[in-house]
Structure formats: structure tokens, C-alpha cells
Amino acid sequence: MTTETEAAHLQTGRNTATPAELAEPEWTGPSLSPSRAGDFKTCPLLFRFRTIDRLPELPTADQVRGTLVHAVLERLYDLPAADRTPAAAFDLVAPSWERLLAEDPTLSVLFEAPAQQAEVLIEVQPGEAPVAGLGDFLGSARELLKGYFTLEDPRRLEPAEREQLISTVVDDRLRLRGFVDRLDVSPDGQIRVVDYKTGGAPREAFEAKALFQLKFYALVLWRTRGVVPRVLRLIYLKDVEVCDYSPDLEELQRFERTVLALAKAIESATAARDFRPQPSKLCGWCNHKALCPAFGGTPPPYPEVIPAQRA
């Protein structure tokens with residue numbers, strides 16, 4: 001739970017975003033996001049499937065629920081502070097779902113018969129609760145939001161930025177970019193990076209990946225703003241837990257070297273067309289096992305034209 005001291009400290013602060021963060025700069029060199037960096041760390045072949053082959057993914061019910069909850073939390077902070085109540089958040093669930101559905105009508109298949117679902121790119125992954133109906137789905141989103149109000153009081157917070165693109169170039173050769181769920185900036189310029197987690201992968205692996213993601217953001221913020229974030233916060237809505245981590249300058253400098261080494265490894269793998277599978281317990285959540293040599297599959301032919309890397 002946010003303390004009174006924290007709440008006072010993190011009231012409306014100045015927006016310290018640079019022009020380079022507010023508009024995507026032109027860049028023709030290699031780019032890397034925490035998602036794609038995490039893919040390569042998890043499994044180089046998964047990186048190839050997603051970034052080079054651009055194979056379609058099967059969005060899961062949990063992923064769609066997470067997208068919905070993120071949308072509600074973003075809209076919640078559009079309301080006046082006094083109106084940011086659990087009831088207001090619950091009222092935002094249905095219209096936020098309608099908005100997502102208008103952007104991607106195929107999401108409606110989550111609530112259709114199994115025979116109809118076979119034709120589309122949505123599935124329930126191992127360990128994921130089945131989707132019984134739209135009412136249950138929206139109700140499960142409200143349960144996650146209930147957990148959020150146990151951990152924070154949004155009436156006492158004024159985020160500086162939400163769903164913000166941040167970007168920088170390091171070592172004059174690699175662009176780092178990504179979208180941050182929320183940035184809290186204190187009046188004296190201290191930064192807290194907040195990331196909402198609604199579930200998905202096994203907890204221990206997911207938390208390590210999430211912390212890598214937040215360090216990635218911290219590196220970009222340090223490089224663009226000259227400030228090391230005071231706190232990196234993971235908010236686990238399903239488990240109703242908060243994980244706070246405070247990096248220091250030396251750690252971010254080491255992390256930058258790690259990211260540059262990772263980018264070099266990606267460049268070498270791309271030049272050699274050599275992306276090998278790295279089997280782990282996360283394979284149970286992979287969309288591409290049928291194409292993976294570790295499971296008797298054969299990857300598609302390597303593209304002759306490699307698309308620009310995306311975040």
C-alpha cells in the first residue's frame with residue numbers, strides 16, 4: 001500500500017520527457033526493445049520467429065484480459081482524482097472492452113463455440129483458466145482491478161506519464177525503445193517506473209523477465225534524462241503483491257554493457273542465420289513448438305529480405 005509519505009512525495013510532478021521521447025526519431029540502424037531482447041535471452045529461435053519470420057501469434061485469454069486491465073488503469077487516471085474509485089474502475093471495464101473489440105473484432109471469438117474458435121488465432125494456453133462467457137471474462141478483469149486498489153490509492157497519485165514511448169540511442173549505434181505503463185515523477189525530479197502485471201508465464205521466470213524489462217526502461221530514462229529512477233515497481237494484480245527494486249548508476253552502466261553485448265549477439269546470429277532453440281519450461285507457452293527442431297519441427301525458410309526490427 002502506498003504510504004502517506006510516498007503519496008505526498010509523488011503528487012503531480014513536472015513532465016521531464018525530452019522531445020526525442022515525445023516523437024519517435026528517425027533511425028535507420030538496429031533497434032531493440034525489452035520484449036525482443038527478452039525473446040533472444042529466452043530462446044534465439046523464438047526471437048527469429050517473432051522478429052525475422054514475423055510468424056502470427058495466438059493471443060490468449062489471459063493476454064487479452066491483461067490488455068483490457070491496462071486500458072482501464074490508463075483511463076482511470078483521466079478522471080479527477082476524487083473520482084478514481086473501485087466503482088469507477090469497474091464501470092470502465094465494459095466500455096474499454098468495447099473499444100478493444102472495435103479495434104480487433106476477432107477478439108469476440110473468445111466467447112464463441114470451440115468449432116468456431118478453430119478458425120482464428122486465439123487459444124487458451126497451459127494453466128490458463130477457460131473462458132466461460134463474456135460476463136465471467138469481464139468479472140475476472142474486475143477482480144484484478146480490485147487487487148489494484150488494495151495496493152495503491154489512485155486518488156492520491158498523479159502520474160507524470162502513462163503508456164509512454166521512451167527511446168534513446170546508446171553507443172551511437174543501437175536504439176533502445178519501449179512503452180512504459182506509468183511514470184511517477186516527484187517535485188524534485190525523482191522517478192518511479194511502474195509496470196502492471198496480470199499473470200501469464202510461471203511466476204519465477206516472469207518476474208526475472210519483468211525486472212529485466214524495468215532495468216531496460218531505467219537505462220533509457222537515465223540516458224535521456226540524466227536521472228537514475230529511484231524505484232522500479234512491479235505491481236502483481238493477481239497475487240496482490242508489489243515488488244520494488246532500486247537500481248544504482250553502476251548497475252545501469254553494467255546493464256548497458258549487457259544490452260550492447262546482447263545486441264552484438266543478435267547481429268552475429270542474423271549474419272550467420274543461426275538462431276538455435278533453447279528449450280526451457282517456458283516452451284509450454286510457445287506458439288511455435290510445431291516449427292521448433294527441439295520438438296521435431298522444421299523452421300520455415302529463412303527470409304531473403306529481413307524486415308526492420310520492431311519493438
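At what angle do helix α5 (residues 61-76) and helix α8 (residues 134-151) pack, and how far apart are their axes? In this predicted model, the two helices pack at an angle of about 50°, and their axes are 10 Å apart. That makes α5 oblique to α8. The protein chain holds 10 helices and six strands, and 47% of its 311 residues count as buried. Of the contacts between residues at least 6 apart in sequence, 72% join residues at least 24 apart.

**Helix α5 against helix α8**

- Two packed helices are described by the angle between their axes and the distance between the axes.
- The crossing of α5 past α8 is right-handed.
- On the α5 side, the residues in contact are Ala61, Val64, Arg65, Leu68, Val69, Val72, Leu73 and Leu76. Their counterparts in α8 are Phe137, Leu138, Ser140, Ala141, Leu144, Leu145, Tyr148 and Phe149.
- By class, this contact of α5 with α8 comprises 14 nonpolar residues, one polar and one charged.
- An α-helix has 3.6 residues a turn, so residues three or four places apart point the same way.

**Helix α6 against helix α8**

- Helix α6 (residues 86-103) also packs on α8: the axes come within 10 Å and cross at roughly 140°.
- The crossing of α6 and α8 is right-handed.
- From α6, the contact takes in Pro86, Ala89, Phe90, Val93, Ala94 and Trp97. From α8, Leu134, Phe137, Leu138, Ala141, Arg142, Leu145, Lys146 and Phe149 take part.
- The contact of α6 with α8 has 12 nonpolar and two charged residues, with no polar ones.
- Phe137 of α8 is one of the residues that meet α5, and Phe137 is also among those that meet α6.

**Helix α4**

- Helix α4 (residues 44-52) is largely enclosed by the rest of the structure, because eight of its nine residues are buried.
- The buried residues are Pro44, Leu45, Leu46, Phe47, Arg48, Phe49, Thr51 and Ile52.
- These buried residues of α4 pack against α3 (34-42) and α10 (249-272).
- Arg54, which follows α4, has a positive phi near 55°.

**Strand β3 and its partners**

- Strand β3 (residues 174-185) has 11 of its 12 residues buried, so it is largely enclosed by the rest of the structure.
- Strand β1 (residues 31-32) runs parallel to β3 and is joined to it by two bridges. Leu32 has Leu176 in β3 as its bridge partner.
- Strand β2 (residues 161-170) is antiparallel to β3, with nine bridges between them. Val170 is bridged to Leu174 of β3.
- Strand β4 (residues 191-197) is antiparallel to β3 and is joined to it by four bridges. Val185 stands opposite Ile191 of β4.
- In a regular strand the side chains alternate between the two faces of the sheet.

**Hairpin turns**

- The hairpin of β2 and β3 has three residues between the strands, and Asp171 takes a positive phi near 60° there.
- The hairpin of β3 and β4 has five residues between the strands, and Gly189 in the turn has a positive phi of about 90°.

Methods:
Residues numbered from 1 in each chain as written. Predicted model: local features only at pLDDT ≥ 70, side-chain atom pairs only at ≥ 80, totals over all residues. Heavy atoms only, no water. Axes fitted to C-alpha atoms, helices over the stretch in contact; angles between N-to-C directions. Parallel < 35°, antiparallel > 145°, perpendicular 65-115°, else oblique. Left-handed = near helix turned anticlockwise from the far one by under 90°. Contact = heavy atoms within 4.5 Å. Nonpolar A, V, L, I, M, F, W, Y, C, P; charged D, E, K, R; others polar. Buried < 20%, exposed > 50% of the residue type's maximum accessible area, 1.4 Å probe, protein only. Pairing = 2+ DSSP bridges.
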